[in-house]
Every structure is written in structure tokens, then in C-alpha cells.
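Thanks for coming, everyone. Please have a look at the model on the screen, and then we'll walk through it.

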Amino acid sequence: MSEKRNSALQRLSKIPTAMVGLFIILSICVVALLSALGIELTPFAYDQTTTSYLAGPSFEHPMGTDELGRDLLARVIYGARLSISIGLTTALTAFLIGSVYGAIAGFAGSKIDGLMMRGVDIAYSLPDLLVMILVGVLLGRGTTGILIALGLVSWMGTARLVRAQFLQLKNEEFIEAAYAQGQSSLNVILKHLLPNALGPIIVALTFTVPSAILSESTLSFIGLGLSPPACSWGTLASDGWRSLRAHPHLIFFPSLFIFLTVLSFNFLGDGLRDALDPRTRLDKFKGGSGH
Amino acid sequence: MIFPILKRLFMAVPVLLIVASLTFLLVRIVPGGPFDSEKSLPPEIVANLNAKYHLDKPVHEQYVLYIGRLCRGDLGVSYKYVNRTVNDILFDAFPVSCQLGFVALVLAVAFGVPLGAIAALGRGGRQDFLAMFVSTLGVSVPGFVIGAGLIYIFAIQLKLLPVGLWESPWHVILPAVTLAFSPGAYLARLTRASVLEIVEKDWVRTARSKGLSYQATVLRHILRNSLIPVVTVLGPLTAIVITGSFVVEYIYAIPGMGRFFITAVMNRDYDLILGTTLVFALLLVIANTFVDVAYQLLDPRMRMNAED
């Protein structure tokens with residue numbers, strides 16, 4: 001098992017786009033973490049006002065300042081905390097709900113499985129943003145509301161995947177062997193089925209993070225997500241949008257970081273998928289409908 | 001052929017009813033109505049307004065009233081756009097969104113499918129890497145960034161194209177390009193996977209060994225067959241375009257369904273939220289029904305495969 005994982009990591013390290021992606025992700029995470037620990041990375045605080053209003057990029061303010069004279073670099077770093085943690089929290093939620101739901105469906109099989117997956121099929125066909133906006137009406141536009149809405153729409157992909165993996169794995173000989181040893185069902189699920197399904201799950205979660213970051217920033221941009229004083233890349237871009245004509249730097253830098261982060265996660269996810277199973281490059285769309 | 005289509009469409013009725021009921025519940029259990037924000041109106045007027053729109057009745061009575069009206073095809077009135085019914089608004093907004101969505105889909109197919117085919121035919125090489133790089137870029141740039149970038153370059157700096165509203169064909173170009181990015185990238189990946197699969201088939205080798213040229217094999221045998229999965233993702237594509245339209249119509253101030261949906265949510269304009277959501281749900285149901293039918297028309301084997 002660990003040998004298999006090592007060779008997958010070796011293959012991953014030979015994919016340049018994935019490695020560049022990983023490097024960018026780690027850098028941004030480190031910066032966000034340092035900022036969260038209270039370490040000053042810029043001479044200005046994210047909410048500190050200065051007298052240079054709406055200044056373009058300069059030596060003093062590498063990304064310029066906003067209409068209150070706040071340093072944009074400091075705000076982008078501060079926004080990274082929220083954007084990155086929203087992405088990671090959503091992936092965690094998707095993993096927890098999706099794997100439990102998928103495991104039950106895949107392990108139970110037959111009628112229960114059919115019923116559970118019917119529900120997922122219908123919910124899956126609705127546009128995420130539509131559902132999130134409607135749920136947002138109920139939950140309000142705070143961080144918690146956004147996180148619940150994101151969690152609600154993002155677990156279904158993982159659930160399908162876990163179910164498909166379980167259905168495929170549960171007839172394998174090593175599962176039969178585990179039962180023959182007298183292991184309980186729960187034990188088989190946790191110790192044998194789940195670890196063997198982990199590869200594809202990790203790939204799916206790697207794609208969950210960027211789509212959560214995209215959804216949050218899009219919602220905030222159209223005014224249905226977070227709003228100031230909350231500060232994410234989405235709210236910063238939304239602020240910048242209003243002065244696109246005269247001060248394009250205000251939307252450029254937050255957008256650049258959303259783009260870089262999402263791109264990096266997508267490259268890493270593509271790389272992980274190819275490294276874990278070179279075959280999936282060919283047939284990832286074959287079983288698209290999941291039946 | 002007609003009967004299964006009708007059956008599928010008939011099955012959509014309960015789905016739409018569930019969507020209507022869930023949305024109704026969702027919107028009505030939220031504290032705060034359309035008349036209690038912003039300017040504080042005298043309480044008598046608020047009471048009158050609530051009585052006029054039956055908002056003073058218990059929720060279950062409102063629900064019965066709503067479903068009753070729905071069955072007669074009456075989607076209700078907008079609380080914010082005075083004297084306009086939801087039917088009126090949707091009647092104006094729907095064609096706008098359809099035009100936008102259609103042009104964007106055509107662009108997405110025109111660029112996405114060749115991009116995917118190019119990638120697959122040069123598998124593992126430079127053209128594969130480049131094409132997939134471009135498609136990953138396409139899914140990684142948020143719609144509002146593409147929109148803002150295009151507006152800044154083509155409208156503000158170069159002053160080539162108009163921005164905002166929906167007046168001339170020139171107004172369609174930037175929004176449609178913005179909207180086409182993410183379905184285009186999706187189609188490119190799909191086409192690539194599907195061409196890769198087909199290139200390996202025996203009958204492709206047969207076509208080549210009977211002397212057919214490379215170009216003819218690609219055009220007549222490979223591309224044509226790889227289009228099947230492309231047609232069958234119309235459901236997800238519709239969902240992608242609807243999602244994209246929220247952002248694109250917001251940015252370009254286009255009076256389409258996406259924009260009305262967003263303003264309706266902001267204003268708690270109950271009937272307008274419900275009406276737009278129902279139209280979106282109906283579009284998705286129609287797209288998915290079309291896919292089911294197209295599946296069987298394009299490839300009779302699918303019917304057998306689906307059963308085992």
C-alpha cells in the first residue's frame with residue numbers, strides 16, 4: 001500500500017504543472033497562516049487608513065490603496081485567510097458528509113442505494129449557485145451562512161464517488177477475507193473499504209477547494225455573499241468592480257489571487273488524478289451518470 | 001418516439017411542484033417581508049399592502065393560494081416593479097437570456113470541441129499540453145474577472161464595443177464571450193476524453209487500413225462519434241450557462257432572468273424569486289429530457305447498455 005502511494009507521489013513530482021500549483025498553494029497558505037498568527041507581513045494593517053487614497057501600485061504600496069487609503073497588499077493577505085479557510089472547510093464538510101452518505105449507499109446497495117442516489121441525482125443537476133443563493137436567503141449573508149450553503153452543495157460529488165468505489169471494492173477478495181476473519185462491518189468499512197477508496201476521494205476534494213473559493217467570490221461579487229467588513233478576495237474584487245474605469249488595480253490584484261489559487265488547485269488535482277491512476281485520463285467520463 | 005418524450009415531460013410535473021414548494025417554504029419562513037425594509041412606511045399602509053398580497057394570511061393558506069394560481073399559469077405580481085406581473089417580467093427577460101445563452105453555447109461548441117479534439121489527436125505532446133492548459137485556464141478564471149477584463153480592454157481602453165444593456169447585436173459580443181468560457185473549457189475536456197477513447201476502437205483501425213486518409217478518418221469516424229457525449233451533457237451545460245448568466249447579466253446590466261433573479265433575492269420579491277426559479281428548473285428538465293431522447297436517437301446501443 002505505502003509502496004503504491006510512494007510511486008504515485010513520485011509520478012506526481014514529475015508533473016511540472018502540479019508541482020508549480022503545489023508550490024503556489026503552499027506559499028499562499030503559509031502567508032495566510034502567518035497572518036492569522038498575528039505576524040505582520042506588511043508595514044500596514046489591513047484596516048489601517050493612510051492619506052494616500054486610491055493610489056496606484058508604488059514602492060510603498062505594491063498593490064496600491066483603496067478609497068479609504070488602506071494598503072491593498074495588506075488587505076489581499078488578510079482576505080487570503082478567509083478565502084483559503086472557506087475553501088478548506090468546504091472540502092472537509094464535503095468529505096465528512098459525502099463519505100458517510102456514499103459509504104452507506106454503497107455498502108447497503110440495492111434499494112437503499114437506489115433511493116439515496118436518486119436524491120443525489122436530482123440535487124446534483126441543480127446549478128450550485130442557484131441553490132446557494134436560495135439557501136442564502138434563509139441563512140443570511142454571514143460567513144457561517146456561506147459555509148453551510150457551500151457544504152450543502154459540495155458533498156454530492158464525493159458521495160457519488162465513495163459509493164461507486166464501495167460498490168466496486170466490496171466484492172473484492174480481500175474484503176471477503178476480512179469478513180472471513182470475523183471482522184465487523186464497521187471495521188471493514190473503516191479499515192479496508194475507505195482507505196482503498198482514498199485516492200479518488202483526495203482528487204475530488206482537491207477540486208472542491210477551488211470551486212468553493214470560486215463560488216464564494218462570485219456570490220460576494222454579485223452582492224449575495226459576504227459583505228464588508230468581512231474581507232475575502234471576493235469582497236475585495238466586488239469593491240474594486242465599482243471603480244474599474246478609474247482604478248483598475250483595485251479589482252486586478254484580488255482577482256489575480258483568486259485566479260492563481262484556483263488554477264493551482266486545478267493543476268494539482270489534474271496531476272494527482274493522473275499520478276494515482278494513469279488510466280483515469282482515458283475513462284473519467286465513461287461512467288459519468290454514475291449508474 | 002413521441003410517447004417516451006411525453007412521459008418524461010409528464011414526470012417533470014412533480015419535480016417542478018417539489019421545486020416550487022421548497023422554494024416557497026424557503027422564502028416564506030425567512031423573517032422579513034418585502035415591505036418592511038428601507039423607507040419605513042406607516043404601519044397602516046404596510047398592513048394594507050400585506051392584506052392586498054395575502055401576506056397577512058397563515059403560510060399554509062398562502063401556499064394553497066400560490067399553488068392554485070400556479071396551476072392557472074399565473075406566477076403572481078412583483079412587489080418591487082410596481083404594476084408588473086411576474087409573467088410580464090419573465091416574458092420580457094426570458095428571450096434576452098435565451099439569446100445570450102444560445103450565442104454563448106454556440107461559441108463554446110465552436111471553440112471547445114476543436115480544442116479538445118486537437119488535444120486528443122496530439123496526445124501527450126505539446127499541442128495536448130497547450131490545449132489542456134488553455135482549458136484549465138478557462139475553468140479557473142471567475143466569470144466576473146473575465147467580464148471585468150474584457151470590459152476594461154474592449155470598452156474602456158480601446159472603446160471598440162459598447163457595454164451595458166441589450167440594444168444592438170454589438171451589445172451581445174462581450175457578454176456572450178464571457179459566458180462561453182466555462183462551458184467551452186468543459187466541452188474541450190469532454191471532447192478530449194471522448195476522442196481518446198474512440199481513437200483506440202477497432203473500427204478506426206479498420207477505416208485507416210482500408211485506405212481512408214487520416215483527415216477523412218478523423219472527420220468522418222472519430223469526430224462524429226465523439227460528439228455523442230458532447231450532445232448528452234446538455235443538462236450540465238444548461239446548468240453552467242444559467243450559473244454564468246447570474247454573473248454576466250449582473251456585470252453587463254442585461255435585463256435577463258439572471259439579473260431579475262438576483263435583484264429579486266435582494267429585494268425579497270417573493271413571487272419573482274419563485275417565478276425565475278421555476279423557469280430555471282423547467283429549462284433544466286427540458287434539457288435533461290432532450291438528452292435522454294438524443295441518447296437513444298444517436299446511438300441505439302445505449303438502450304441496451306443502460307439495462308445491464
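Let's begin with one pair. In this predicted model, helix 7 of chain B, residues 170–199, and helix 10 of chain B, residues 234–251, have axes that come within 9 Å. Those axes cross at roughly 145°. Why quote an angle and a distance? Because two packed helices are described by the angle between their axes and the distance between the axes. The crossing of helix 7 of chain B with helix 10 of chain B is right-handed.

Which residues meet there? From helix 7 of chain B, we have B:Pro175, B:Thr178, B:Leu179, B:Ser182, B:Pro183 and B:Tyr186. Facing them in contact from helix 10 of chain B are B:Leu237, B:Ile240, B:Val241, B:Gly244, B:Ser245 and B:Val248. Sort the residues of this contact by class: eight are nonpolar, four are polar and none is charged.

Now step back to the chain. How many helices and how many strands does chain B have? The tally is 13 helices and zero strands. So much for the elements; next, the dimensions. The C-alpha trace of chain B spans about 85 × 55 × 30 Å along its principal axes.

Chain B has 308 residues, and 37% of them are buried. Now take the contacts in chain B with a separation of 6 or more. Of these, 73% join residues 24 or more positions apart.

Last, the domains. Chain B splits into domain 1, 31–74, and domain 2, 87–307. How far apart are the C-alpha centres of the two domains of chain B? They lie 39 Å apart.

Terms used:
Residues are numbered from 1 along each chain as its sequence is written. Chains are lettered from A and ligands numbered from 1 in the order in which they are written. This is a predicted model: local features need pLDDT of at least 70, side-chain atom pairs count only at pLDDT 80 or more; totals for chains, interfaces and linings use all residues. Helices (H or I, at least four residues) and strands (E, at least two) are DSSP runs, numbered from the N terminus. A residue is buried if 20 or more other C-beta atoms lie within 10 Å of its own, exposed if 12 or fewer, and partly exposed in between; C-beta atoms are placed from the backbone. Two residues are in contact if their C-beta atoms, placed from the backbone, lie within 7 Å. Domain bounds come from an automatic or database domain assignment. Axes are lines fitted to C-alpha atoms, for helices over the stretch in contact, and angles run from 0 to 180 degrees between N-to-C directions. A crossing is left-handed if the near helix is turned anticlockwise from the far one by less than a right angle, and right-handed if clockwise. Ala, Val, Leu, Ile, Met, Phe, Trp, Tyr, Cys and Pro count as nonpolar, Asp, Glu, Lys and Arg as charged, and the others, Gly among them, as polar.
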